[in-house]
Every structure is written in C-alpha cells, then in structure tokens.
Amino acid sequence: MAWLSLWKCFSSLHLRALKTVTLFPTTMSGLHASKFLRYQKMWFFSSTTSAAVLLDTLKQLSDNKAAALLMLTKSVDFVKDAHEEMEQAVEECDPYCGLLNDSEDDNHSNEDVLGFPSNRDLYWSEEDQELIIPCLALVRSSKACLKKIRILVAENGKKDQVAQLDDIVDISDEISPSVDDLALSIYPPMCHLTVRINSAKLVSVLRKALEITKASHVTPQPEDSWIPLLINAVDHCMNRIKELTQSEI
C-alpha cells in the first residue's frame, strides 16, 4: 500500500508542476511579470525537485505511515512557500507607485491604447489590501492545519490503519492546490468575488480535512484536541472575507 500512496504523491507533484506552467499565460494580465515569473518558477522547480527526491525515497519506505508522512510534509512545504510569497508580495507593494509621475497627458494617451494597464490593474487599492489580511490569515491557518495533521499522524498513526491514513492524505492533498488558487486570485487586478469563491473552497477543504482527522485513529481524544480551535479560526477568517466582499454578491 505504501507503493500505491507514493505513486499518488508522485503523480500529484507532476500535475502541480504542469498546472503551474499552464497558468502562466492566463494570469499575466495586470500582474508584474517579474513577480509572477518568480512565483511560477518557485512552484515549478519546487514541484519537479520534490518529485525527483521522491523517486530516491521509494526504496527507503516500507509502510503506509511513512508514505503518508512524506506526502503531508510535501503539502506543508507547498503551503509554506505560498504563504511566504504572498507576504513578500504585500511587503513589496507600493500602491502609489507611478501615480505621482504620471502627467494628465500621459494618462490620457494611455487610456487611448487598447489593453494598456491602468494603475488599478497593477497595484492594490485600499479595499484590496484590507481583504488581503484575512486571506493571509486563512493561508496561515491552512499551514497550521497541515502541520498539526502531520504531527498527529507521526505520533499516533498506525501502519495497519491503511484506509484512514489514505483518507487523511487524500483530503490534505487538496489543501495546497486550494491555497494556490487563493494566492493567485489576490494579485492585482483583484476580483473580490473570485477571492471570496476561492476562500470558500479552501475553507470547505480545511473543514473536511479537520473532520476526517478528528474522526480517525490519529486523534485519540477529539474533545480535547486543537481541531475545534482551528475550525473557529478558519470560520473567523471566512466571515471577515464575506463582510469585505458583501457588495460583490
């Protein structure tokens, strides 16, 4: 069963690399090319490198628990990278860049050029920046969720509980792609409705992952666990995102 889980992990990593490359031409509108290229290269090389390392690890694993821990570690790394990239983008953001140097004539000529990006297409508005805050918090919660699940599997996971381990890994593997979608949707020009939709999808996956983990053998005392606290944190982020995007409904 470990070999089957490892093959699923290998396939997932390559699908992520392919998805990253194909996203490049369709997400360029209104986004600084250098930042987006760095973001895409990070995911592509991280994915392909992880896949190569996975092949070297195949012979070293002898049980499904080890395979599950490997895949959970990869998911943690992906979400950690996405969170760091989002934070870096926010830190580098200058919403007033280019505004002070544009003359009225330049602005008028730019408006006459089809497809020429306006400042709103290149930088975040105050409303955008306010919405980013709970989005970052939601991604942090996603990272915490995966880390906690990995710890539970490491401490309490049983090799003979193959079906439950696979269920945990399968749902956890959906967290990172959902984080990817949310991360890409916060870049300018930001569509608040898209951010709301992607946030809701991520919250749905997180809640399901936490519920599956709570009901499994890796959580011996569900009533005393950290899971309810994380669910509350995730719901708080989503409620704030709903408040900030209510006008888009």
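Colleague: Does Ile197 count as buried, partly exposed or exposed, and at what relative accessibility?

Modeller: Buried means under 20% relative accessible area, exposed over 50%, and partly exposed in between (1.4 Å probe, protein chains only). Ile197 counts as partly exposed because its relative accessibility is 41%. This is a predicted model: local features need pLDDT of at least 70, side-chain atom pairs count only at pLDDT 80 or more, and totals for chains, interfaces and linings use all residues. Residues are numbered from 1 along each chain as its sequence is written, and side-chain values use heavy atoms, with hydrogens and water left out.

Colleague: Where is Ile197 placed?

Modeller: Helices are DSSP runs (H or I, at least four residues), numbered from the N terminus. Ile197 lies in helix 9, residues 192-215.

Colleague: Which residues does Ser199 contact, leaving aside neighbours within four places in sequence?

Modeller: Contact means heavy atoms within 4.5 Å. Ser199 is in contact with Cys135, Leu138, Leu182, Met238 and Ile241, leaving aside those neighbours. Ser199 is also in helix 9, and it counts as buried because its relative accessibility is 0%.

Colleague: Which residues touch the most other members of the largest nonpolar core?

Modeller: A nonpolar core is a set of buried Ala, Val, Leu, Ile, Met, Phe, Trp, Tyr and Cys residues joined through side-chain atoms within 4.5 Å. Here the largest one has 46 residues, and Leu138, Ile149, Ile175, Leu182 and Ile186 touch the most other members. Helix 6 gives the largest share of this core, 12 residues.

Colleague: What is the peptide bond from Pro188 to Pro189, cis or trans?

Modeller: Most peptide bonds are trans. The bond from Pro188 to Pro189 is cis, with omega near -5°. Pro189 sits in the loop between helix 8 (175-185) and helix 9.

Methods: Helices (H or I, at least four residues) and strands (E, at least two) are DSSP runs, numbered from the N terminus.
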